[in-house]
Amino acid sequence: MKIWYENFYPGFDPKEHDFFSEILGTITDVEITPNDPDLVVYQVFGDPNRVLEKYKCKKALFLTENIITHTNPWKKIELKDYPCDFSVTFYPESDTNIQSQFWLTMLNYRDPNSFYYYKNTENKREFSHKTEFCNFIYSNPATGFSPRYDFFKFLSKKRFIHSAGRFAKNIEGGIETNVHSWHDSKVNYLRKFAFTISFENSYHEHYTTEKILDPLLSSSVPVYWGGQESVKDFNSNTFINAYDRSFEEVENEMINLLENTEKLIEMCTLPIFEKFPEKYLPETIATKIMDQLERK
């Protein structure tokens, strides 16, 4: 089948890492081309009407965000504003929506030798020696949508928190840029931290992004605030759940873990998933996409 992309974020290159081609490639041959595609996948960074007018094939909305962060004011994304034949989003499964999560795009579905190979998430993780307490890596505060900046300020009054992102940066250097990709750089950087502040930019019960996956890949304990339904897919013994808890309670759990080295190491080395979620297996999602293409 032939697939093409429109209205993705600036700098997107499907030839570098393409989630749809990887998962569809598990059940069929895929060609990435704008010439007479069978499916056009589009995101929210552009006019959806232009996509509808330009292509006569099936169109799928791929939604990875709960809010549009580059607009002023930020706004919630609503499916009704993006017409399509079907969607692939974090929203619950329906006749016209295939449930997916953004963290799935961070994994590899073709190369068993890749560090990011999806089945590796079922394996025990290797512990990395911790030399630093906690980090905070964000490009915006998400004020009004998420308490992550408030939590960062709270913890910063007690201990130094390494802020290495564009927002509230307080260190020189930080994430290296000479590694293969920014994602590799981030995962490598997180290895030295006992904890990572892993707060989503906004709350939806079914919304979970790479914010929790990246520190888990790094054997850093995520302090997670986000979707309470979607986070159930992860091994609950590998992260601290900060949702609907006081900052003091969360801080106390972090300190207790620092004082219990054996427990901290256990949290950092348990498998990310007791079993990779069946609903998110590449062949499961790929089959659902093909079924949608065959519908009249």
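These legends accompany close-up views of cavities and salt bridges in a predicted model. Local features need pLDDT of at least 70, side-chain atom pairs count only at pLDDT 80 or more, and totals for linings use all residues. Residues are numbered from 1 along each chain, and side-chain values use heavy atoms, without hydrogens and water.

**View 1. The largest cavity has a volume of about 70 Å³.** A cavity here is a set of points on a 1 Å grid where a 1.4 Å probe fits but cannot get out, and lining residues have an atom within 4 Å of a point. Look for N135, Y138, K186 and S198 among the lining residues. Strand β11 (193–199) gives the largest share, three residues, while α4 (182–190) and α5 (210–217) each supply at least two.

**View 2. The second largest cavity holds about 30 Å³ of space.** Its lining includes Q43, F45, F62 and E65.

**View 3. E6 and R50 form a salt bridge, with their closest N and O atoms 2.8 Å apart.** The term means a side-chain nitrogen of Lys or Arg within 4 Å of a carboxyl oxygen of Asp or Glu. E6 sits in strand β1 and R50 in helix α2, 44 residues apart. E6, R50 and K54 are linked in a network of salt bridges.

**View 4. E251 pairs with K158 in a salt bridge, the closest N and O atoms being 3.1 Å apart.** E251 belongs to helix α6 and K158 to the loop between α3 and β10, so the bridge ties together parts 93 residues apart in sequence.

Definitions and conventions:
On a 1 Å grid over the protein atoms alone, a cavity is a set of points where a 1.4 Å probe fits but cannot get out, and a pocket is an open set with protein on both sides within 12 Å along at least five of seven lines; lining residues have an atom within 4 Å of a point. Grid points are joined across faces, edges and corners, and a volume is the space filled by probe spheres set on the points. Helices (H or I, at least four residues) and strands (E, at least two) are DSSP runs, numbered from the N terminus.
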